[in-house]
Amino acid sequence: MASSSSSSIMGLFSVPSLHLNEANRISFSTISMNMLSTQNCDTVPRNSRIGRSLTAKAKISVREDILVKQSTTTESSDGIGVVSIHHVGLLCENLERSLEFYQNLLGLKINEARPNDKLPYRGAWLWVGSEMIHLMELPNPDPLTGRPEHGGRDRHACIAIRDVSKLKAIFDKAGVPYTLSKSGRPAIFARDPDANALEFTQVDV
């Protein structure tokens, strides 16, 4: 694929997310500050319209930050401490053909630090934000034909991007078949050269 396609999509992918512990510290700090704000607002006379407005806003902010804290806490009851998805493994028949799609068309970068030479098969690790896709050149037990036309009804990995319309234009130019989200949200579904289904959903970052 042309290098221009690769460079044009590099800005589409989301930036790496904060480490979980860092996110938790931010949430706790914000909650503490908002609680202090709520206490300070209570000292304003109740008949003051400004006082009532500030108190309501502070309490709403506290509730929102508690929700953020709850959403970033994923530790299970047995204490294993789930943090995030580290990588998704995808099988491919030919590594070079797959890299043409993932590296040259989508613009993903190879993680050179991963030990490909220590594995008994060829492969590559590609950065997707702060997580990775691991391409593995191994026999695929799944059928390559007869799969659902819409990747959303098949096993798939979902990648967050900034602009679905730009990716749609890149797929159109490269002749990559795709379907759009059936719910109407900004998302596009496609398959790689080995029929692995991929979803690309638009997010605000």
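This is a predicted model: local features need pLDDT of at least 70, side-chain atom pairs count only at pLDDT 80 or more; totals for chains, interfaces and linings use all residues.

Biologist: Okay. Which residues touch the most other members of the largest nonpolar core?

Modeller: F200 is one of them, along with F101, Y102, L106, I133, L135 and F171. The core has 26 residues.

Biologist: Which elements give two or more residues to it?

Modeller: The helices are α4 (95-105) and α5 (164-174). The strands are β1 (87-92), β2 (123-128), β3 (131-137), β4 (156-161), β6 (187-191) and β7 (197-202).

Biologist: Which one gives the largest share?

Modeller: That's α4, with five residues.

Biologist: And where does this core lie relative to the domains?

Modeller: It lies between domain 1 (85-139) and domain 2 (146-204), because both give residues to it. As background, nonpolar side chains in soluble globular proteins tend to be buried together.

Biologist: Let's zoom out. How many helices and strands are in the protein chain?

Modeller: Five helices and seven strands. From the N terminus on, the order is α-α-α-β-α-β-β-β-α-β-β-β.

Biologist: How much of the chain is buried?

Modeller: Buried residues make up 35% of the 205 residues. The chain exposes about 12500 Å². Carbon and sulfur atoms supply 56% of that area.

Biologist: What about contacts between residues 24 or more positions apart?

Modeller: Take the contacts with a separation of 6 or more. Residues 24 or more positions apart account for 64% of them.

Biologist: Which strands does β7 pair with?

Modeller: β4 pairs with β7 in the parallel sense, over six bridges. β6 pairs with β7 in the antiparallel sense, over five bridges.

Biologist: Which residue in β7 is the bridge partner of H156?

Modeller: A197. R191 also has A197 as its bridge partner in β7.

Biologist: What sits between β6 and β7?

Modeller: The two strands form a hairpin with five residues between them. A195 lies in that loop. A195 has a positive phi of about 70 degrees, although it is not a glycine.

Biologist: Is A195 buried or exposed?

Modeller: Buried. Its relative accessibility is 10%, and the cut-off for buried is under 20%.

Biologist: New topic. Where is S98?

Modeller: S98 is in helix α4. At 0% relative accessibility, S98 counts as buried.

Biologist: What does S98 touch?

Modeller: C92, L135 and D194, not counting residues up to four places away in sequence.

Biologist: You mentioned C92. Is that cysteine buried or exposed?

Modeller: C92 is buried, with a relative accessible area of 1%. C158 is partly exposed, at 45%. That value falls between the limits, under 20% for buried and over 50% for exposed.

Biologist: How many disulfides are there?

Modeller: The count comes to zero. For reference, a disulfide is a covalent bond between the sulfur atoms of two cysteines.

Biologist: Last one. How do side chains sit along a regular strand?

Modeller: They alternate between the two faces of the sheet.

Terms used. Residues are numbered from 1 along each chain as its sequence is written. Side-chain values use heavy atoms; hydrogens and water are left out. A nonpolar core is a set of buried Ala, Val, Leu, Ile, Met, Phe, Trp, Tyr and Cys residues joined through side-chain atoms within 4.5 Å. Buried means under 20% relative accessible area, exposed over 50%, partly exposed in between (1.4 Å probe, protein chains only). Helices (H or I, at least four residues) and strands (E, at least two) are DSSP runs, numbered from the N terminus. Domain bounds come from an automatic or database domain assignment. A disulfide is a pair of cysteine sulfur atoms within 2.5 Å. Contact means heavy atoms within 4.5 Å. Accessible areas come from the Shrake-Rupley method with a 1.4 Å probe; for residues, only the protein chains shown count as cover. Two strands pair if DSSP finds at least two bridges between them.
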